[in-house]
Amino acid sequence: MSNHLPNEARVIPLRPHGARPAGAPPRQAPPAPAAKEPLWRDLVGDVLRRERLAQERTLKDVADEARISMPYLSEVERGRKEASSEVLAAAAHALGLNLGDLLTRAQGELTRVTSRYAGAGRRGASTSSRDGMCLAA
């Protein structure tokens, strides 16, 4: 009679854990994961939050002035929601910015953050002041 429970499979290893077949090349360590570029919604949300805090304003105050819900603005600031250009413009205007100001600041943050780990992928790439991003709404 068997010692294992019904409906439970027994596993019999073919070779010990970690053993390689004869003549197999040695294992190489997996490559280090590439650093992830930040998401646009995270950058825009960070800019909105920093500006709101710099003005010492509450989330409710800005949301009311922008005529968007406070929970939604919170989600946008935390990068959880991909806000439309209308919502971004309303939030920016409530903070005394225009949409272009908001997007320019977010683009500057993207450039700053990505320049840290862009080395290998951008060798020989132009670093002109005209490098940037184009968004269409």
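**Figure 1. Helices α2 and α4 are oblique to each other.** Oblique is the class left over once the others are taken out: angles under 35 degrees count as roughly parallel, over 145 as roughly antiparallel and 65 to 115 as roughly perpendicular. The axes of α2 and α4 (residues 85-94) cross at roughly 120° and come within 8 Å. Axes here are lines fitted to C-alpha atoms, for helices over the stretch in contact, and angles run from 0 to 180 degrees between N-to-C directions. The crossing is right-handed, a term for a near helix turned clockwise from the far one by less than a right angle, with anticlockwise giving left-handed. From α2, Val 62, Glu 65 and Ala 66 take part in the contact, and from α4, Ala 90, Ala 91, His 93 and Ala 94. Contact means heavy atoms within 4.5 Å. By class, five of these residues are nonpolar, one is polar and one is charged. Nonpolar covers Ala, Val, Leu, Ile, Met, Phe, Trp, Tyr, Cys and Pro, charged covers Asp, Glu, Lys and Arg, and polar covers the others, Gly among them.

**Figure 2. The whole model is predicted and has five helices and zero strands.** As a predicted model, it supplies local features only at pLDDT of at least 70 and side-chain atom pairs only at pLDDT 80 or more, while totals for chains, interfaces and linings use all residues. Residues are numbered from 1 along each chain as its sequence is written, and side-chain values use heavy atoms, with hydrogens and water left out. Along the sequence the pattern is α-α-α-α-α. Helices (H or I, at least four residues) and strands (E, at least two) are DSSP runs, numbered from the N terminus. The mean pLDDT is 82, and 70% of the residues reach 70 or more; pLDDT is the predictor's confidence in each residue, from 0 to 100. Over residues 122-130 pLDDT stays under 50, and the model has three contacts there beyond four places in sequence.

**Figure 3. Helices α2 and α3 are roughly perpendicular to each other.** They pack at an angle of about 110°, and their axes are 9 Å apart. Leu 59, Lys 60, Val 62 and Ala 63 of α2 meet Met 70, Leu 73, Ser 74 and Glu 77 of α3. The residues of this contact divide into five nonpolar, one polar and two charged.

**Figure 4. Arg 52 and Glu 109 are charged residues that count as buried.** Buried means under 20% relative accessible area, exposed over 50%, and partly exposed in between (1.4 Å probe, protein chains only). Arg 52 lies in α1 (residues 40-54) and has a relative accessible area of 8%. Leaving out residues up to four places away in sequence, Arg 52 touches Arg 57, Thr 58, Leu 59, Val 62, Glu 77 and Leu 95. Glu 109 is placed in α5 (residues 99-115), with 14% relative accessibility.

**Figure 5. Glu 56 and Arg 67 have a positive phi although neither is a glycine.** Most residues other than glycine have a negative phi. Glu 56, with a phi of about 55°, is in the loop between α1 and α2 (59-66). Arg 67, with a phi of about 60°, is in the loop between α2 and α3 (70-77). Glu 56 is exposed at 73% relative accessible area, and Arg 67 is exposed at 76%.
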